[in-house]
Amino acid sequence: MFPRSQKLPLTEVLLLMDEARNAELRRDIDLLKNILQNLWPDSETLPTFAEFRLDIRAELLRLYGFYLTFYGRAKNLKDYHARAKDLLTLANKIFLEEKDKAKAAETNCLLAFCYWNAGEVENCEAFLKLVEIDFTDTGHPVYLQVKINQMMLLCWLGRIAEAIEIFAEIKNPVARCGDIRLKILFNFESAILLQRRAQFVEAIFHFNESINLCRTNDNRHLLALSYNNLSLLYLEMEAFGDAHLFSDKSLEILNEIEHTGWIPHILDTKALILIGEEKYSAALAVVDDAIAIFRQGEDFKGLAASLWTRILCFLRLGRSLQATLTYGELQQIALERIGKPAARKYAESFAKEIRPIQNLPLKTEILDFERFLISRALLKTNGSKVEAAKLLKLKNHQTLSNALAERHPGLYEELGFRQRARRGSGKAKDKSLPPRSPERRENEKILRLDPQGKKLSFDFHFDETVFDTFYFSEAVMTAFGIFDDAVVAVRRIDQLKKGKPVLVFYDDRLTVAKVSYDEDFDLFVIYDDGGFPIILDGQNVIGEPFAFCLIDETGVREINFKKLEV
């Protein structure tokens, strides 16, 4: 039994290809499916189109690859993106053999689109960069497509300045371009970018341009998404009535065209609007519906966004434990499926949001938060008030000293640091402190030239285990009940253990972190000395602090280490 396409004359095949391209431009996925069934009716197997000449075969493979990735996301189905990648890779190979650079570049754009649909942001960026390097015809529609996609990606990653550069570069070329789909996409993505810059008037202009072009060209899919993004803009302006209105319009269209894979995105928008209205329980119920739908498919980027919305709900409801557990799942998805930039993006957002939400008077809550910020800055700078003031972006360190003296007396000492006697204070030197030996003074003189955590050149071996040695300040050693500076031997480890402290390189510094275990998510969670979960990528953990020797007891040739107890 031969596919029906072998019975069709070439003129009809070419006509069907034109109709398929038009359906692709309008994102009319059901029409595209019907057209392609005329050329390959067996939907259970991937098409080969081997009976056609190479240029036609490659274009049909490209169209079918687009259909699979778009249909898979629109219908929230699994395994469609992987099948699409196989067809598009083959199409690209044929286009390159035929020396059709424009079509090869267009196909690579679709491969990037596959990765974007699957939430694999790093791979998407890599493919777009590849096309940009290989295809340099700046006036060609394919080049403009690449740039629009890069603008979208950079905006999502928060690299707004780079996205604005692309916006300025392609604004006029797109206006002169005859490709309506590119005009729609440019206005669509430009509106989102300008919204991120709080240029609301300009953003509304581009949203309206996108909406009008979608209506004129019957692109209902992008019309629905334009309404949703306009809803988010009105949310940012706190015009909640308009935000609900346009999200409802978006939801109505997506239900009509049965693009169920996009419905959870709109539900997520609905939840964000409810958060803006301070209806947190209602928002949580809506976003839970979105998450349930996302879990049925492969839109990991969308799932991550909705998990973040759930975290916002939990935090505003005062349920910080549930927020932290959800963040553990979000972190895992971001690292494994989306990429490190996304993991960093959510980590930074979580760091800004997470803090104890208590039923305290506002003044008390603000003081507690200030105390936390000061503590973290001092620990990061090993007790240097000058450097801590810089981290806190204060005018000078005297401002920090005043805050410690007036609002947080005793905090400096609680963190394990010793106050210097003020000049002219008339106070005698504290005789209870042990005098520092010449060896210690020499060690401090050398060690203070380096940042805390600088690796030292001591050798340490035990039971044929390799150790690294590090200088730990008294502020860090207090976690082990030791109130002095020390050299610590750190044992390299292959896996985390519940209840064990580990030395972690994080945020450009070394810190001793606590390891806990989340049974609900079967996930180890590490918290730094500020109480924040740490994103790990396999390179962060240095090892387990194992033994120590006080700085005062270090000799020139030999160090006697003692077992470090937790």
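1. The side chains of Arg159 and Glu125 form a salt bridge, with N and O 3.2 Å apart. A salt bridge here is a side-chain nitrogen of Lys or Arg within 4 Å of a carboxyl oxygen of Asp or Glu. The two partners come from distant parts of the chain, 34 residues apart: Arg159 is in the loop between α7 and α8 (160-176), and Glu125 is in helix α6 (residues 121-134). Helices are DSSP runs of H or I with at least four residues, numbered from the N terminus.

2. A word on the source: this is a predicted model, in which local features need pLDDT of at least 70 and side-chain atom pairs count only at pLDDT 80 or more, while totals for chains, interfaces and linings use all residues. Residues are numbered from 1 along each chain as its sequence is written, and side-chain values use heavy atoms, with hydrogens and water left out.

3. Arg159 also meets Glu162 in a salt bridge, at 3.0 Å from N to O. How accessible are these residues? Arg159 has a relative accessible area of 30% and is partly exposed. Glu125, at 26%, counts as partly exposed, and Glu162, at 35%, is partly exposed too. The cut-offs are under 20% relative accessible area for buried and over 50% for exposed, with partly exposed in between (1.4 Å probe, protein chains only).

4. The structure holds 22 salt bridges. Another of them joins Glu256 to Arg220, with the closest N and O atoms 2.4 Å apart. Glu256 lies in helix α12 (residues 240-256) and Arg220 in helix α11 (residues 220-236), so this pair ties together parts 36 residues apart in sequence. Glu256 is partly exposed at 45%, and Arg220 is partly exposed at 31%. Elsewhere, a network of salt bridges links Asp18, Arg21, Glu24, Glu59, Arg62, Lys103 and Glu106. Side chains of opposite charge can pair when their charged atoms come close.

5. The largest nonpolar core has 92 residues, and the members that touch the most others are Trp156, Leu193, Ile311 and Leu330. Helix α7 (residues 141-157) gives the largest share of this core, 12 residues. A nonpolar core is a set of buried Ala, Val, Leu, Ile, Met, Phe, Trp, Tyr and Cys residues joined through side-chain atoms within 4.5 Å. A second, separate core has 37 residues, including Val13, Leu36, Ala58 and Leu110.

6. Which residues does Trp156 contact, leaving aside its neighbours within four places in sequence? They are Trp116, Val121, Lys301, Ile338, Ala342, Lys345 and Tyr346. Contact means heavy atoms within 4.5 Å.

7. Helix α10 (residues 200-216) has 17 residues and spans 24 Å from its first C-alpha to its last, close to the 24 Å expected at 1.5 Å a residue. The expected span is 1.5 Å times one less than the number of residues. Its buried residues are Ala203, His206, Phe207, Ser210, Ile211, Leu213 and Cys214. Seen down the axis of α10, they fall within an arc of 165°, so they line one face of the helix. The arc is taken from the directions from the helix axis to the C-beta atoms.

8. The buried residues of α10 pack against α8, α9 (180-196) and α11. The face turned away from them carries the exposed residues Val201 and Thr216. After α10 comes Asp218, with a positive phi near 55°.

9. The count of disulfides is zero, a disulfide being a pair of cysteine sulfur atoms within 2.5 Å. For Cys109, the nearest cysteine sulfur is that of Cys124, 9.3 Å away. Cys109 is buried at 5% relative accessibility, and Cys214 is buried at 1%.

Definitions and conventions:
Helices (H or I, at least four residues) and strands (E, at least two) are DSSP runs, numbered from the N terminus.
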